[in-house]
Amino acid sequence: GRREPFPSLFDAPQKALSVVVPAYNEQKRLPAMLDEALPYLERLAELDSAFSYEVVVVDDGSSDRTADVVIAYTQRWTADKVRLMRLTRNVGKGGAVKRGALRCRGAAILFCDADGATRFSDLQKLRQCIRETRQEVEHQDDVLAIAIGSRYHLESSAERSIVRKFISKVFNVYVEVVGGVKGIRDTQCGFKLFTRRAAQLVFPSQHVERWSFDVELLYLAQRAGVPITEVPVQWVEIAGSKLSIVKAIFNMMSDMALMRFNYLSGTWAFQVPEHVRLTIADPHHSPAVRSHSISF
């Protein structure tokens, strides 16, 4: 297929929404996710002529036919709507999401898991949260806001064992005490929506490339004062995961501890730009206003 250079996150947006999908050996599960997401996004575009979208699948060094699957969808839906970013080596889910986000064209950026565990139509709930935040500021194109899917309400389900509930509670305490993320009950749901301005703030400073990258992004956003809204979503466990729960939890906890140490010690720097501090202090002030005919 034709190869084209990806744009920069710091260019002006060309689409209303970018969907970033990290995929590592997902040839079996990815089609179901795309078959749900693409028709839904197409319906939104049909209902609103100002709405446009792209889906950026980041093939994280897969050894299976993940790339071939994406190319088939590109041929069906066009390369303007479905894009493949192919990494030459496996960098981890966080690294794949970061690389995709930094090359998006959307005024808002959603990252979601390739397994389709979260019902894609719940995107509407996240979009509504962003809209409500945008309506509170004078210059809507410069708003800083994040809306994240949450499975916390599923904790009351009888299908979840007492052991799983206990692990979840302990992990949440660890995220708050060690990871430094306050008041968020589900940091790990793979369904998060960023305004372009918020994405420009946090993704360039992201260091963690494995499973704890969500915690780092939320930690940076909270440090910068970016409003984060947690939104209940429908979620089901999808068979075929290659993740070892015990190993993943150990890696996440060690990554979080290292992340927090690096920021507190100054090894990793995160400086909130002056114009962002001004915007947070006075949400009606925006030093760099651009007008775009893009509907989100």
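Where is Arg29 found? Arg29 sits in the loop between strand S1 (15–23) and helix H1 (30–47), with helices (H or I, at least four residues) and strands (E, at least two) taken as DSSP runs numbered from the N terminus. This is a predicted model, in which local features need pLDDT of at least 70, side-chain atom pairs count only at pLDDT 80 or more, and totals for chains, interfaces and linings use all residues. Residues are numbered from 1 along each chain as its sequence is written, and side-chain values use heavy atoms, leaving out hydrogens and water.

Arg29 is buried, at a relative accessible area of 13%; buried means under 20%, exposed over 50% and partly exposed in between (1.4 Å probe, protein chains only). The loop between S1 and H1 also holds Asn25, which is buried too, at 19%. Asn25 is not a glycine, yet has a positive phi of about 55 degrees. Thr78, in the loop between H2 and strand S3 (82–87), likewise has a positive phi, near 85 degrees, but Thr78 is partly exposed, with a relative accessible area of 41%.

Now for the helices. The axes of H1 and helix H2 (residues 66–77) come within 11 Å and cross at roughly 25 degrees, where axes are lines fitted to C-alpha atoms, for helices over the stretch in contact, and angles run from 0 to 180 degrees between N-to-C directions. H1 and H2 are therefore roughly parallel to each other (angles under 35 degrees; over 145 is roughly antiparallel, 65 to 115 roughly perpendicular and the rest oblique).
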